[in-house]
Amino acid sequence: TYVVAEPCINCKYTDCVTVCPVDAFREGPNFLTIHPDDCIDCDACVPECPVEAIFPDDEVPEKWEHYIELNERLAELWDDKVINEQKDPLPDADEWAEKEKTVDMIEG
Ligand code: F3S
C-alpha cells in the first residue's frame, strides 16, 4: 500500500486524489490518508503531490515509518470521508509546505 506522510499536514493540496483509480483517499481536517484495503499500488498519486508526501510503504523514510500504521488507523476512523475531487488547499498551505511539522499536529 501507499502511505501519506508528514509533509501533507496543514497543506492538503489534494492533487493526489484526482488520479486515484479506486478512491482510496480519506480526508481529515488537515491531513489525508490512504486506505490500505483500497490502495492497489498503482503509484499514480506519488508524482502529483507538490510536497512529496506520498510513499510506497516499503520506501517510507525511516523518520516517518510510524505513518504506515497511522494511515491505517486514520483511514478506519475517516472511512466514510472518501475524497476524489480536488479542493482548495488549506489557507496557509504554501507557508506550511516550507516548515517542519509533527504528527501531533494532525487533527482528528
Ligand atoms: Fe496531501 Fe500532497 Fe495529497 S499535500 S492532500 S498528499 S497532494
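Me: Which residues does Ala24 touch, not counting residues up to four places away in sequence?

Reply: Ala24 touches Thr33, Ile34, His35, Asp38 and Cys39. Contact means heavy atoms within 4.5 Å. This is a predicted model, in which local features need pLDDT of at least 70, side-chain atom pairs count only at pLDDT 80 or more, and totals for chains, interfaces and linings use all residues. Residues are numbered from 1 along each chain as its sequence is written, and side-chain values use heavy atoms, with hydrogens and water left out.

Me: Why is Ala24 called buried?

Reply: Buried means under 20% relative accessible area, exposed over 50%, and partly exposed in between (1.4 Å probe, protein chains only). Ala24 has a relative accessible area of 2%, so Ala24 is buried. Ala24 lies in the loop between strand E1 (2-4) and E2; strands (E, at least two residues) and helices (H or I, at least four) are DSSP runs, numbered from the N terminus.

Me: What makes Arg26 count as buried?

Reply: Its relative accessibility is 5%, and Arg26 therefore counts as buried. Arg26 is placed in strand E2 (residues 25-27). Leaving aside neighbours within four places in sequence, the contacts of Arg26 include Phe31, Asp38, Trp78 and Ile83.

Me: Which backbone oxygen does the side chain of Arg26 reach at 2.9 Å, and what makes this a polar contact?

Reply: The side chain of Arg26 reaches the backbone oxygen of Asp79 at 2.9 Å, and that of Ala24 at 3.2 Å. A polar contact is a pair of N or O atoms within 3.5 Å; within protein, one must be able to donate a hydrogen and the other to accept it, and residues adjacent in sequence count only if both atoms are side-chain atoms.

Me: Why does Glu52 count as exposed?

Reply: Glu52 has 61% relative accessibility, and therefore counts as exposed. Its phi is near 50°, a positive value in a residue other than glycine. Glu52 lies in the loop between strand E3 (32-34) and strand E4 (54-56).

Me: Why is Pro91 called exposed?

Reply: The relative accessible area of Pro91 is 78%, so Pro91 is exposed. Pro91 is in the loop between helix H1 (66-77) and helix H2 (93-96). Pro91 and Tyr13 are 78 residues apart along the chain, and their C-alpha atoms are separated by 10 Å.

Me: How do you know that the radius of gyration agrees with that of a compact globule?

Reply: The radius of gyration is taken over C-alpha atoms, and the globule rule is 2.2 Å times the number of residues to the power 0.38. With 108 residues, a compact globule would have a radius near 13 Å; the protein has 12 Å, which agrees. The C-alpha atoms fill a box of roughly 30 × 30 × 25 Å along the principal axes.

Me: What pattern does the protein follow along the sequence?

Reply: The pattern is β-β-β-β-α-α, from 2 helices and 4 strands. Buried residues make up 43% of the 108 residues.
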